[in-house]
Amino acid sequence: FLAWASPSRAVEIHRGCLATSAAPVPPPSFDCAASVPRTAKGQWIWFRAPAAPTGERQAVTIRAMTFDTVKVVVRYADGVTHSDALSRGDYRDRWAVGGRILVEIPSRPAAVAEVTVGFFNAPMPYMLAARLIPETSARQRGSLIATLVGGSLALLLFSAFYNAALAIGSARPVLFWHAAWAACVFLWAVFTLQLVLAIWPGLAGPPAHDIANVFACLAISSYGMLLIGSLEDGMIDAWLRRLTIMVAVAITAFGIANSAGPLIWQPGLHDIMRVLVLFSASTAFVVLLIAIRRGSLAARDMALTWTVPMLAVAWAMTGNPILTQDDGGYFTVLTVSALQAIGLSVVIGRRLASAQRERETAKARQDELQRLAETDSLTGVFNRRGFVARAEAALTEGEAALVLLDIDRFKAINDNH
């Protein structure tokens with residue numbers, strides 16, 4: 001993990017010189033001071049960077065985002081060029097765990113002089129990322145990413161099944177929302193990191209990312225409902241509860257709209273979506289703060305499991321990843337979500353166990369009071385209340401008879417004995 005998170009010898013091609021063209025051929029001139037445009041629909045956007053001499057075989061890693069075609073053009077020191085292109089829905093064996101495309105650069109006697117990467121029809125080019133790194137480092141980082149992603153997905157899947165089983169057994173809606181949140185985060189990761197390509201290669205690129213956005217929106221909405229359902233009655237005002245639900249519905253609507261077409265990837269609508277997500281996080285913070293001030297133990301537990309993950313997610317959304325090479329903060333979001341899922345499972349499990357103990361204690365106290373109310377404290381036999389209740393039940397069933405005995409001068413026996 002430390003090796004993956006630490007700085008490496010990567011050359012960040014997407015931070016190099018920039019150019020655009022209508023043809024799938026790099027233009028002759030590049031602008032090294034130009035800013036990345038907000039959108040590049042219907043045209044090619046090219047990034048070029050010189051290669052650092054390493055003496056090792058190199059590869060280009062590309063974050064699999066929303067673009068139709070990516071083309072890698074390599075120029076060697078002797079003037080020879082080599083190009084490779086991949087299109088949406090057909091990454092072949094080039095995709096790697098973690099939502100990456102790995103393009104190996106052929107070894108030649110001459111060293112690599114510069115690398116140019118072009119993207120066609122990229123609606124959000126400022127989110128593109130391409131790096132030139134030694135192939136051995138790419139393989140090692142791929143193994144570390146696979147371990148991190150696999151462990152996080154296992155925790156999320158366990159949390160989803162665990163809480164779904166508890167929800168079925170206890171009929172508590174809050175457990176259903178927790179299971180739904182964990183399942184949505186799990187599916188978001190499967191599609192965002194392109195893991196679905198192992199069974200459905202045709203979803204490579206924008207299709208997988210559009211589906212991932214749907215699950216991301218559903219996960220945010222589910223968490224809002226989970227927060228509301230976890231709090232005790234009377235801890236927040238009705239208007240704030242309604243506001244939280246309305247925000248969850250609005251985010252879900254954007255997710256459904258995105259499933260019909262990539263609306264979220266329009267620059268303006270993407271900004272609206274970002275505002276909605278941040279507003280949802282702010283609303284959750286206000287809900288927790290008010291509930292804690294009113295003495296809610298559930299809000300305190302939710303805050304303990306919510307604060308650090310949400311800060312990490314918010315920081316990742318600013319475009320400043322916590323971990324090196326974590327473009328977009330996807331690995332950060334996945335890791336903290338998996339830890340948060342386990343934390344919430346522990347908190348909810350502890351609350352259920354506490355509620356069960358309270359029910360058992362109350363039942364034992366009730367049974368004891370019932371026994372004291374129906375028995376004689378001196379002899380331990382049923383008193384009038386206990387006798388009449390059982391006699392009426394037995395006589396009603398018709399399987400008993402009542403015999404009355406009148407013993408003369410029995411008072412003397414009671415007085416003496």
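**Strand pairing and helix packing**

In the predicted model, Leu-18 has Phe-47 of strand 3 as its bridge partner. The strands involved are strand 2 (residues 17-21) and strand 3 (residues 40-50), which pair in the antiparallel sense. Their pairing runs over 5 bridges. Strand 3 also pairs with strand 9 (residues 112-122). This pairing is again antiparallel and spans 8 bridges. Here Phe-47 stands opposite Val-117 of strand 9.

Helix packing was examined next. Helix 2 (residues 135-170) packs with helix 3 (residues 173-192) at an angle of about 155°. Their axes lie 8 Å apart. Angles over 145 degrees count as roughly antiparallel, and helix 2 and helix 3 are therefore roughly antiparallel to each other. Their crossing is left-handed. On the helix 2 side, the contact is made by residues including Leu-153, Leu-156, Leu-157, Ala-160 and Asn-163. Helix 3 contributes, among others, Leu-175, Phe-176, His-178, Val-185 and Phe-186. The residues of this contact divide into 15 nonpolar and 4 polar. None is charged.

A further helical position is Leu-339, found in helix 8 (residues 330-374). Leu-339 has a relative accessibility of 55% and so counts as exposed; the cut-off for exposed is over 50%. Leu-339 and Leu-155 are 184 residues apart in sequence. In space, their C-alpha atoms are 7.6 Å apart.

Key. Residues numbered from 1 in each chain as written. Predicted model: local features only at pLDDT ≥ 70, side-chain atom pairs only at ≥ 80, totals over all residues. Heavy atoms only, no water. Axes fitted to C-alpha atoms, helices over the stretch in contact; angles between N-to-C directions. Helix = DSSP H or I, 4+ residues; strand = E, 2+ residues; numbered from the N terminus. Parallel < 35°, antiparallel > 145°, perpendicular 65-115°, else oblique. Left-handed = near helix turned anticlockwise from the far one by under 90°. Contact = heavy atoms within 4.5 Å. Nonpolar A, V, L, I, M, F, W, Y, C, P; charged D, E, K, R; others polar. Buried < 20%, exposed > 50% of the residue type's maximum accessible area, 1.4 Å probe, protein only. Pairing = 2+ DSSP bridges.
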